[in-house]
Amino acid sequence: MDVVDIDSDSRNAVIRRITETRETLAASGFYSSFRELYKRVLSTVWKHDGVNTDRQIDYEEHGAAITTFDKPIDLKTCCCGVNHAQTEPATDIHGKTAGEITHSVTCHHGVYNHVDHRHYETSTFACEKVDMPRIHSAAGTCGIHDRPGSNTELACYGLGNFASCVIARYQLALLCCLRDDLKIPGSKCFVYDPRFTTVEKDILQELQFTLIQHNEEGKRQVCGRTVFYMPHCGKPLYNNLLWANWGPGLTDMVVVGNSFCNMNENLPSRIFVKQVPYISRILPFTEEHQIENSFMYDDIFNDSSVHTFPQDKIGNIPQKFWQERPVPRYPEDDIEIILSKHDNI
């Protein structure tokens with residue numbers, strides 16, 4: 001693979017290369033196969049057990065769906081601190097009544113009901129746009145979701161220096177395609193790599209991504225549906241991500257990255273359990289869907305899978321399993337993770 005020297009290239013030239021790379025990837029058989037895979041996986045893992053489930057439209061056919069409530073709910077205060085009022089009825093694009101659209105807000109926490117912030121009383125249906133009012137409260141203003149995918153977040157770690165590395169640029173291209181296919185707004189698409197240059201940060205913002213401002217070490221807590229894209233990240237980042245969300249809420253996560261199964265197979269059991277205990281412990285309850293490595297360059301998306309944590313597996317785990325949750329520790333010289341105190345931001 002060739003490497004581009006950022007010092008000899010203008011910023012516009014880098015953006016042009018990103019555009020060309022994205023077009024090449026989007027037109028490839030690899031991406032078509034990957035797209036079919038992740039949409040099938042998402043439609044399965046995030047299919048809620050709500051009322052009127054016969055109205056759910058095929059995710060594969062329509063790409064994305066908005067979430068609505070089929071009956072009025074006496075709302076309590078959300079975990080974001082906002083007491084979201086009940087809104088007016090709305091109809092979908094087919095003219096069918098969608099019921100009372102309630103508590104579907106663009107706060108960081110996604111969509112919640114008043115009973116359990118981890119479960120929803122919903123049905124989903126395809127819709128290009130529904131005219132939804134905004135909600136005002138003493139705590140602030142929250143907009144009702146007005147586009148598919150806006151209740152899902154996308155977070156990316158470890159993208160690499162895409163201005164100078166072709167591999168990283170193709171990984172960025174996949175991130176862009178994934179975001180657009182899922183119709184996730186830029187305000188809910190987060191990226192971070194401690195090695196990003198100032199130019200790369202500026203380009204990412206121009207591409208409508210939201211920069212994470214500090215090194216989270218992968219310890220990002222989710223409060224709703226979140227897809228994590230972590231191309232060839234070190235094992236500690238995956239381990240930290242699981243630790244940060246250790247509990248039944250793992251069902252809200254989908255992780256696209258290095259194969260957990262291969263990590264297990266490539267390390268002696270004793271070392272695997274010691275180095276990444278959370279990956280080891282959750283592996284029996286994980287569904288892994290291997291991504292076919294059919295791209296023209298075989299060192300970009302190799303050893304990659306889509307990982308999910310299905311409710312029918314996670315829901316049967318006893319509470320005691322989650323209670324043992326020590327903070328992960330790594331040697332300062334661990335080459336697989338850049339610890340926050342070494343961050344240059």
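The questions below go from the whole chain to helix pairs, aromatic rings and loops.

Biologist: What kind of model is this, and how is it numbered?

Modeller: This is a predicted model, in which local features need pLDDT of at least 70, side-chain atom pairs count only at pLDDT 80 or more, and totals for chains, interfaces and linings use all residues. Side-chain values use heavy atoms, with hydrogens and water left out, and residues are numbered from 1 along each chain as its sequence is written.

Biologist: How many helices and strands does the chain have?

Modeller: Helices (H or I, at least four residues) and strands (E, at least two) are DSSP runs, numbered from the N terminus. On that basis the chain has 11 helices and 13 strands.

Biologist: What percentage of the 345 residues counts as buried?

Modeller: Buried means under 20% relative accessible area, exposed over 50%, and partly exposed in between (1.4 Å probe, protein chains only). Of the 345 residues, the buried share is 52%.

Biologist: Among contacts with a separation of 6 or more, what share joins residues 24 or more positions apart?

Modeller: Contact means heavy atoms within 4.5 Å. For residues 24 or more positions apart, the share of those contacts is 74%.

Biologist: How are α2 and α4 oriented to each other?

Modeller: Two packed helices are described by the angle between their axes and the distance between the axes. Axes are lines fitted to C-alpha atoms, for helices over the stretch in contact, and angles run from 0 to 180 degrees between N-to-C directions. The axes of α2 (residues 29-45) and α4 (residues 166-182) come within 12 Å and cross at roughly 45°. Under 35 degrees counts as roughly parallel, over 145 as roughly antiparallel, 65 to 115 as roughly perpendicular and the rest as oblique, so α2 and α4 are oblique.

Biologist: Which classes of residue make up the contact of α2 with α4?

Modeller: From α2 come Phe-30, Tyr-31, Phe-34, Arg-35, Tyr-38, Lys-39 and Leu-42, and they meet Leu-174, Cys-177, Leu-178, Asp-181 and Leu-182 in α4. Ala, Val, Leu, Ile, Met, Phe, Trp, Tyr, Cys and Pro count as nonpolar, Asp, Glu, Lys and Arg as charged, and the others, Gly among them, as polar. The contact therefore divides into 9 nonpolar, no polar and 3 charged.

Biologist: Is the crossing of α1 and α5 left-handed or right-handed?

Modeller: The axes of α1 (residues 11-26) and α5 (residues 198-206) come within 11 Å and cross at roughly 55°. The two helices are therefore oblique to each other. A crossing is left-handed if the near helix is turned anticlockwise from the far one by less than a right angle, and right-handed if clockwise. For α1 and α5 the crossing is right-handed.

Biologist: What is the geometry of the ring pair Phe-295 and Tyr-297?

Modeller: Rings of Phe, Tyr and Trp (its six-membered ring) pair if their centres lie within 6.5 Å; planes under 30 degrees apart count as stacked, over 60 as edge-to-face and the rest as tilted. The whole structure holds 17 aromatic pairs. In the pair of Phe-295 and Tyr-297 the centres are 6.1 Å apart and the planes lie at 75°, so the geometry is edge-to-face.

Biologist: Is Phe-295 buried or exposed?

Modeller: Phe-295 belongs to one aromatic cluster with Phe-30, Tyr-31, Phe-34, Tyr-38, Tyr-170, Tyr-297 and Phe-301. Tyr-297 has 30% relative accessible area and is partly exposed. Phe-295 has 6% relative accessibility, so Phe-295 is buried.

Biologist: Which residues does Thr-152 touch beyond four places in sequence?

Modeller: Thr-152 sits in the loop between β6 (140-143) and β7 (153-157). Its relative accessible area is 7%, so Thr-152 is buried. Beyond four places in sequence, Thr-152 touches Trp-46, Ile-184, Lys-188, Arg-225 and Val-227.

Biologist: How far apart are the C-alpha atoms of Gly-186 and Thr-210?

Modeller: Gly-186 lies in the loop between α4 and β8 (189-192). Gly-186 touches Gln-208, Phe-209 and Thr-210. Gly-186 and Thr-210 are 24 residues apart in sequence, and their C-alpha separation is 6.3 Å.

Biologist: What is the phi of Gln-208?

Modeller: Gln-208 is in the loop between α5 and β9 (210-211). At 53% relative accessibility, Gln-208 is exposed. Its phi is positive in a residue other than glycine, near 70°.
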